[in-house]
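These are my notebook entries on one protein structure. I record what I looked up, one topic at a time.

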Amino acid sequence: MKKLSSIFGKRSTWAWPYVLFLVLFMVLPLILIFVYAFTDPQGHFTLKNFLQFFHTTEAVNTFIYSLAIALLTTIICLLLGYPAAYIMATAELKTPAVMAMLFILPMWINFLLRTIATVELFNMFGIPLGEGALLYGMCYDFLPFMIYPIYNTLQKMDRSLIEAAHDLGANGFEVFTKVVFPLSMPGIYSGIIMVFMPTVSTFAIAELLTRNKITLFGSLIQRAFGEGGLQMWNYGAALSLIMLLIIGLTSFFGNNEEEDTRGGIV
């Protein structure tokens, strides 16, 4: 009993299930993607998969277009989400709770069901599906991921800094631009990453809201694995690795900017 107690009493023992989960469902799949990306169907090392991507004009254009759509979606979410987060963080009484509930309620439904409902809404009003519908659906699905990081940052902000700025003669605009907005930058960077990363790799929303008229980079990956057969898995892995690198770079630069903001805001 003492031996069992000493084993299970250690915190490190309870960490092993999480380590096993990470190895099986994160590390191992990433290793397989890396291996498939640099090999051919016969298992020989090759760079042909990456060369195929860079030599295929359609694939490169799709990749650039996906980045543009993700960037535009992120900007729209930021423009819509920041005022909402600011109102939630500065409002009194029950306003923040009511607004938070309004943004949370749609997230209780699977995003595919929400997207299908959006398609039917467009059809009901006779609005053609296309790029506009795609941007609308992207913003509708990912707007809460922009609002809540900014809201949490603004809510935790030291109010005495605002009072000090007013005491020093700053007007409302100067207080916002020189105190509130700089202090909210960590939340903005987190929101940008949380919106940009899923939008740059999604495919289901684009297929539903454009009737497959618009192809995003995620759709190329999905087709390589789903429709191309085993012969296309290597190419699909190469595309996935390219997407992982873009997402990783986005996270890396976002973290660096966030640290710089925290380190010297004034």
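In which helix is Ile 104 found? I located Ile 104 in helix H5. With a relative accessibility of 29%, Ile 104 counts as partly exposed; buried means under 20% relative accessible area, exposed over 50%, and partly exposed in between, with a 1.4 Å probe and protein chains only. I also looked up Tyr 148, 44 residues from Ile 104 along the chain, and the two C-alpha atoms are separated by 10.0 Å.

Basis of the entries. The model is predicted, so I note that local features need pLDDT of at least 70 and side-chain atom pairs count only at pLDDT 80 or more, while totals for chains, interfaces and linings use all residues. Residues are numbered from 1 along each chain as its sequence is written, and side-chain values use heavy atoms, with hydrogens and water left out.

Whole chain. I found 13 helices and 0 strands in the protein chain; helices (H or I, at least four residues) and strands (E, at least two) are DSSP runs, numbered from the N terminus. Of the 266 residues, 37% are buried. Where contacts join residues at least 6 apart in sequence, 72% of them link residues at least 24 apart; contact means heavy atoms within 4.5 Å.

Helix H7. I compared the span of H7, residues 131-155, with expectation. Its 25 residues should span 36 Å at 1.5 Å a residue, and the end C-alpha atoms are 35 Å apart, which agrees; the expected span is 1.5 Å times one less than the number of residues. I then recorded a bend of about 45 degrees at Phe 142, with Pro 144 following within four residues. The bend is the angle between axes fitted to the seven residues ending at a residue and the seven starting there.

Nonpolar cores. I looked up the largest nonpolar core, which has 40 residues; Met 88, Leu 134, Met 138, Ile 150, Leu 154, Val 180 and Leu 216 touch the most other members. H7 gives the largest share of this core, 13 residues. Another core, of 20 residues, lies apart from it and includes Ala 59, Leu 220, Tyr 235 and Ala 237. A nonpolar core is a set of buried Ala, Val, Leu, Ile, Met, Phe, Trp, Tyr and Cys residues joined through side-chain atoms within 4.5 Å.

Is Thr 199 buried or exposed? I recorded Thr 199 as buried, because its relative accessible area is 1%. Thr 199 is found in helix H10, residues 185-201, and its side chain reaches the backbone oxygen of Phe 196 at 3.0 Å. Leaving aside neighbours within four places in sequence, Thr 199 is in contact with Ala 70, Thr 73, Met 138 and Phe 142. I placed Thr 202 in the loop between H10 and H11. Thr 202 is buried, with a relative accessible area of 8%. Not counting residues up to four places away in sequence, Thr 202 touches Met 138, Leu 216, Gly 218 and Ser 219.

Backbone angles. Most residues other than glycine have a negative phi. I therefore noted Arg 211, which is partly exposed at 47% relative accessible area, and whose phi is near 55 degrees, a positive value. Arg 211 is found in the loop between helix H11 (204-209) and helix H12 (217-226). Asn 212 lies in the loop between H11 and H12, and its phi is near 65 degrees, a positive value in a residue other than glycine. At 48% relative accessibility, Asn 212 counts as partly exposed.

Conventions:
A polar contact is a pair of N or O atoms within 3.5 Å; within protein, one must be able to donate a hydrogen and the other to accept it, and residues adjacent in sequence count only if both atoms are side-chain atoms.
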